[in-house]
Amino acid sequence: MTALPSPPLGILVPLAEEAEALFALMRQDGATQTRRLGGRDYHSGSLFGRDCVLTLSRVGKVAAATATAGLVHEFGVGAVLNAGVAGGAAASVHVGDIVVGDAMLQHDLDARPIFPRFEVPLTGMSRFAADAVLGASLARATQAFLAEDLPALAPDIRAQFSLASPALHRGLVISGDRFVNGHADVAALRADVPDALAIEMESGAVAQVCHDYGVPFAVLRIISDSADDNAHVDFPRFLGLVASFYSHHIIRRFLQDDWSLGRATISA
Ligand code: ADE
């Protein structure tokens, strides 16, 4: 029996700050290769000891879909991790919490009366499930982060963002092509999708493309705002001071966990 090499993990992040921070860590791990495709850089290399291809998707569903298709077609990734920030959708989800997505839905997809609201036309699906093994690993990584890494975040930063006791949530993440920053807007989304935990602009597209190609995926979102009238205020500061700290440690723990991207062994 010969074990084929495992395919790399694709990592897709929407914002330049997030991509830069992970690329810097990748360079610390060793040599990297960058290939430009469709106006986007794909960086291949090792991240915390695991073969990865990292790309900046940019914001929005089309950008995320294009970037995911690039990872799958051109780099043969065995799975995709979509990581970034999100607005809290549920009242129980607070700034500084972490949501691991179990399922994704596109809240702005509405082809009624031809198809039910939220359904991706001609698929019969409105919710796309994340991979259970990768989701469980992300959840473990997050629990360990909360217990062992978060205490090292400076007290003044924790106070500044009212990070009293950040929590892990698992469940539905909803995506759409707009930044939600109004009480009425977020209240309407809560009424329409009562089990939504987090709102962002990419993972629904990542999920749909991964589903089309049979590629497992996982979604990690750090809650940066409550999607209400204050949503934009401290966004850049949150990214630089909090989200980068969270994602560094959670992704490190996730990549060092013992899941593997199976590619069948072949008989020699
Ligand atoms: N990403 C982070 N916060 C968001 C919000 N309020 N709406 C959409 N995407 C987001």
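S162 is exposed, at 58% relative accessibility. Exposed means over 50% relative accessible area, buried means under 20%, and partly exposed is in between, with a 1.4 Å probe and protein chains only. This is a predicted model: local features need pLDDT of at least 70, side-chain atom pairs need 80 or more, and totals for chains, interfaces and linings use all residues. Residues are numbered from 1 along each chain as its sequence is written, and side-chain values use heavy atoms, without hydrogens or water.

Stay with S162 for a moment. Its phi is near 50 degrees, a positive value in a residue other than glycine. Where does S162 sit? It is in the loop between helix 4, residues 155-160, and strand 8. Helices (H or I, at least four residues) and strands (E, at least two) are DSSP runs, numbered from the N terminus.

L122 also has a positive phi without being a glycine; the value is near 70 degrees. This residue belongs to the loop between strand 6 and strand 7. Is L122 buried or exposed? Exposed, with a relative accessible area of 77%.

P113 is found in the loop between strand 6 (98-106) and strand 7 (128-129). The peptide bond joining R112 and P113 is cis. Omega there is about 5 degrees. So much for the loops.

Now strand 8 itself. It covers residues 168-175, and S175 is part of it. I174 is in strand 8 as well. I174 is buried, with a relative accessible area of 0%.

S175 counts as buried, at 0% relative accessibility. The side chain of S175 makes a polar contact of 2.7 Å with the side chain of E200. A polar contact is a pair of N or O atoms within 3.5 Å; within protein, one must be able to donate a hydrogen and the other to accept it, and sequence neighbours count only if both atoms are side-chain atoms.

E200 takes us to the ligand. There are 13 residues around it, and those coming nearest are G87, F179, V180, E200 and D225. Near means a heavy atom within 4 Å.

Which elements each supply at least two residues of the shell around the ligand? Strand 5 (79-88), strand 9 (196-200) and strand 10 (217-225). Strand 5 gives the largest share, three residues.

Look at the nitrogen atoms of the ligand next. What lies 2.6 Å from one of them? An N or O atom in the side chain of D225. V180 works through its backbone: an N or O atom there is 2.8 Å from a ligand nitrogen. G87 also uses a backbone N or O atom, at 3.2 Å from a ligand nitrogen.

How much of the ligand does the protein cover? It covers 96% of the 260 Å² of accessible area that the ligand has on its own. Areas come from the Shrake-Rupley method with a 1.4 Å probe; for residues, only the protein chains shown count as cover.

On to the cysteines. C52 is buried, with a relative accessible area of 2%. C210 is buried too, at 1%.

A207 is in helix 6, residues 203-213. A207 is buried, with a relative accessible area of 0%.

V242 is in helix 7, residues 235-256. V242 counts as buried, at 0% relative accessibility.
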